Amino acid sequence: MTEQTPIDFRTPAIRAIRIERDAIDALESRIDDHFSRACELIMNCKGRVVVTGMGKSGHIGNKIAATLASTGTPSFFVHPGEASHGDMGMITPQDVVIAISNSGNTSEVVTILPLIKRMGAPLISMTGNANSTLAREALANLDVSVQVEACPLGLAPTSSTTATLVMGDALAVALLEARGFSAEDFAFSHPGGSLGRRLLLRVSDIMHTGDRIPVVDPNTTLSSALLEISRKGLGMTTVVDDQGTLVGIFTDGDLRRTLDRAVDIHNTPIHEIMTRHGRTIQADHLAAEALNVMDELKINALPVTDDAGALVGAINMHDLLRAGVI
């Protein structure tokens with residue numbers, strides 16, 4: 001039995017990466033007046049951006065529509081074949097249409113062009129052929145042509161789809177910055193994700209309140225304070241005066257340091273050994289800010305106070321973990 005020659009998978013893979021990288025590099029010179037015109041049309045759009053494309057261009061169009069929608073430009077995808085059978089009703093004169101076709105002559109896309117033009121919806125094309133029907137009919141044509149596909153047969157859309165995808169991302173980012181779209185705006189589009197939780201969740205949403213707050217007065221003995229820490233399970237207790245103002249905090253760490261000093265836990269009042277003027281946070285602050293404070297100070301809990309310094313709640317690292325902020 002003769003040994004089989006090992007198959008070289010790496011060389012064609014590296015070649016494909018280099019070809020697609022060159023295709024992306026070529027896009028820089030195409031961020032031109034057509035690109036600016038496309039951005040202006042979308043910025044002035046009173047409706048939504050409707051993306052359409054057939055085959056692999058359709059898959060890329062779906063992603064472009066999703067990226068636009070999540071970065072401040074309301075957008076959705078319409079399949080051109082379905083548009084010819086009823087889905088044209090999803091497009092209005094107030095919308096802007098982005099039609100994607102590498103050849104610029106895809107029959108399903110070209111078929112709906114007269115309808116788009118008739119209703120007066122501005123048309124942006126993304127094509128690899130500036131002389132195509134689609135490019136000529138568009139108010140702005142984004143050139144996504146490539147020298148060669150990464151597919152050695154020159155058949156499977158590879159470099160061309162990558163270039164189209166990157167051009168779509170460039171469009172979305174340019175619009176994002178022009179709108180002043182913020183990280184918090186992005187979080188509103190992603191409330192279920194970890195980013196949404198980090199950017200939208202407030203301390204007030206997860207803090208302990210009322211009887212769940214560990215609290216003692218300054219004259220409470222250390223032993224009684226330890227019972228309060230155990231009952232409330234936050235690894236600390238707050239210390240407040242008669243007006244409800246926070247005057248100190250006593251944590252598990254403070255306890256370890258206190259025991260090293262051989263303090264009488266039954267007779268020592270908590271005000272003698274508590275941490276005064278400890279770090280606090282307010283209820284309307286982001287939960288992510290509380291996490292940053294805890295990380296910075298290497299602590300596991302924070303009292304929550306109002307503007308006057310009155311105690312209103314408490315939060316610890318476990319609360320942040322359960323809420324998905326960590």
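Me: The crossing of H1 and H7 is right-handed in this predicted model. What makes a crossing right-handed?
Reply: The near helix has to be turned clockwise from the far one by less than a right angle. H1 (residues 10–25) and H7 (residues 159–179) cross at roughly 40°, and their crossing is right-handed.

Me: Why are H1 and H7 called oblique to each other?
Reply: Their axes cross at roughly 40° and come within 9 Å. Angles under 35 degrees count as roughly parallel, and roughly perpendicular begins at 65. The two helices are therefore oblique.

Me: Which residues meet where H1 and H7 touch?
Reply: On H1, Ile 19, Glu 20, Ala 23 and Ile 24 meet Ser 159, Thr 162 and Val 166 of H7. This set divides into four nonpolar, two polar and one charged.

Me: What makes S2 and S5 edge strands?
Reply: The open sheet has five strands in the order S2-S1-S3-S4-S5, with parallel pairing. S2 (75–77) and S5 (140–143) each pair on one side only.

Me: How do you know that S1 and S3 pair?
Reply: Pairing takes at least two bridges, and five bridges join S1 (residues 49–53) to S3 (residues 96–101). In one of them, Thr 52 has Ala 99 of S3 as its partner.

Conventions:
Residues numbered from 1 in each chain as written. Predicted model: local features only at pLDDT ≥ 70, side-chain atom pairs only at ≥ 80, totals over all residues. Heavy atoms only, no water. Axes fitted to C-alpha atoms, helices over the stretch in contact; angles between N-to-C directions. Helix = DSSP H or I, 4+ residues; strand = E, 2+ residues; numbered from the N terminus. Parallel < 35°, antiparallel > 145°, perpendicular 65-115°, else oblique. Contact = heavy atoms within 4.5 Å. Nonpolar A, V, L, I, M, F, W, Y, C, P; charged D, E, K, R; others polar.
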